[in-house]
Amino acid sequence: MNICLFCKIISGEIPAKKLYEDDEMLAFYDIKPMAPVHFLVVPKKHINNLLELESSDSALIGRLFYKAQELAKELGCEEKGGRFIINAKKDGGQTIDHLHIHFLGGRALRPKLASWFMG
């Protein structure tokens with residue numbers, strides 16, 4: 001079985017600049033940040049992507065999002081906000097097959113899909 005990059009970070013095989021860790025998740029800074037504040041929150045349980053969640057994972061995904069917003073606030077993004085992102089599979093832009101939430105903040109972010117929503 002091929003072990004993914006995030007599983008190696010979770011196990012400590014690959015170092016990361018950690019923000020938070022408990023029994024079920026790890027949060028760490030993105031190695032190639034796209035904003036002044038850019039971190040990821042990943043479950044320690046390997047789930048390939050959001051489209052492969054099981055009903056038993058519903059509470060876990062809630063805790064991941066709750067921790068992501070707590071960390072965003074702690075890092076100074078509460079007032080102006082930021083972007084929470086989950087990519088799913090190749091066409092969704094997912095490059096590592098392990099469910100993860102990105103948070104980007106610390107500056108104004110362009111609305112990438114605004115023209116699509118506006119028609």
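Colleague: How many Å does H2 reach from its first C-alpha to its last?

Modeller: H2 has 17 residues. At 1.5 Å a residue, 24 Å is expected. The model comes close to that, with a reach of 25 Å.

Colleague: Which strands do the buried residues of H2 pack against?

Modeller: The buried residues of H2 include Leu-60, Ile-61, Leu-64 and Leu-71. Lys-67, Ala-68, Gln-69 and Ala-72 are buried as well. An α-helix has 3.6 residues a turn, so residues three or four places apart point the same way. The packing partners of the buried residues are E1 (18-21), E2 (25-29), E3 (37-43), E4 (82-85) and E5 (101-105).

Colleague: Lys-67 lies over the face of which residue?

Modeller: Lys-67 is one of the buried residues of H2. Its distance from the ring centre is 3.8 Å. Lys-17 also lies over a ring face, that of Tyr-29, at 5.0 Å from the ring centre. For Lys-67, the ring is that of Tyr-20.

Colleague: How many aromatic pairs does a search of the whole structure find?

Modeller: Ring pairs link Phe-39, Phe-84 and Phe-103 into a cluster. Phe-6 and Phe-28 also form a pair. The search of the whole structure gives a count of three.

Colleague: Are the rings of Phe-6 and Phe-28 stacked or edge-to-face?

Modeller: The ring centres are 5.7 Å apart. Phe-6 is buried at 4% relative accessibility, and Phe-28 is buried at 5%. The planes meet at 70°, and over 60 degrees is the cut-off, so the pair is edge-to-face.

Colleague: How many residues apart in sequence are the parts that this pair ties together?

Modeller: Phe-6 lies in helix H1, residues 5-11. Phe-28 lies in strand E2. The pair therefore ties together parts whose separation in sequence is 22 residues.

Colleague: How many disulfides does the model have?

Modeller: Cys-4 is buried at 13% relative accessibility. The closest cysteine sulfur to that of Cys-4 is in Cys-7, 3.5 Å away. A disulfide needs sulfurs within 2.5 Å, so this distance is too far for a bond. The count of disulfides is zero.

Colleague: Over which residues does pLDDT stay under 50?

Modeller: The chain averages a pLDDT of 92, and 92% of the residues score at least 70. Where pLDDT is low, the predicted coordinates should not be read in detail. The stretch under 50 has zero contacts beyond four places in sequence, and spans residues 114-119.

Definitions and conventions:
Residues are numbered from 1 along each chain as its sequence is written. This is a predicted model: local features need pLDDT of at least 70, side-chain atom pairs count only at pLDDT 80 or more; totals for chains, interfaces and linings use all residues. Side-chain values use heavy atoms; hydrogens and water are left out. Helices (H or I, at least four residues) and strands (E, at least two) are DSSP runs, numbered from the N terminus. The expected span of a helix is 1.5 Å times one less than its number of residues. Buried means under 20% relative accessible area, exposed over 50%, partly exposed in between (1.4 Å probe, protein chains only). Contact means heavy atoms within 4.5 Å. Rings of Phe, Tyr and Trp (its six-membered ring) pair if their centres lie within 6.5 Å; planes under 30 degrees apart count as stacked, over 60 as edge-to-face and the rest as tilted. A charge sits over a ring if NZ of Lys or CZ of Arg is within 6 Å of the ring centre and within 35 degrees of the ring normal. pLDDT is the predictor's confidence in each residue, from 0 to 100.
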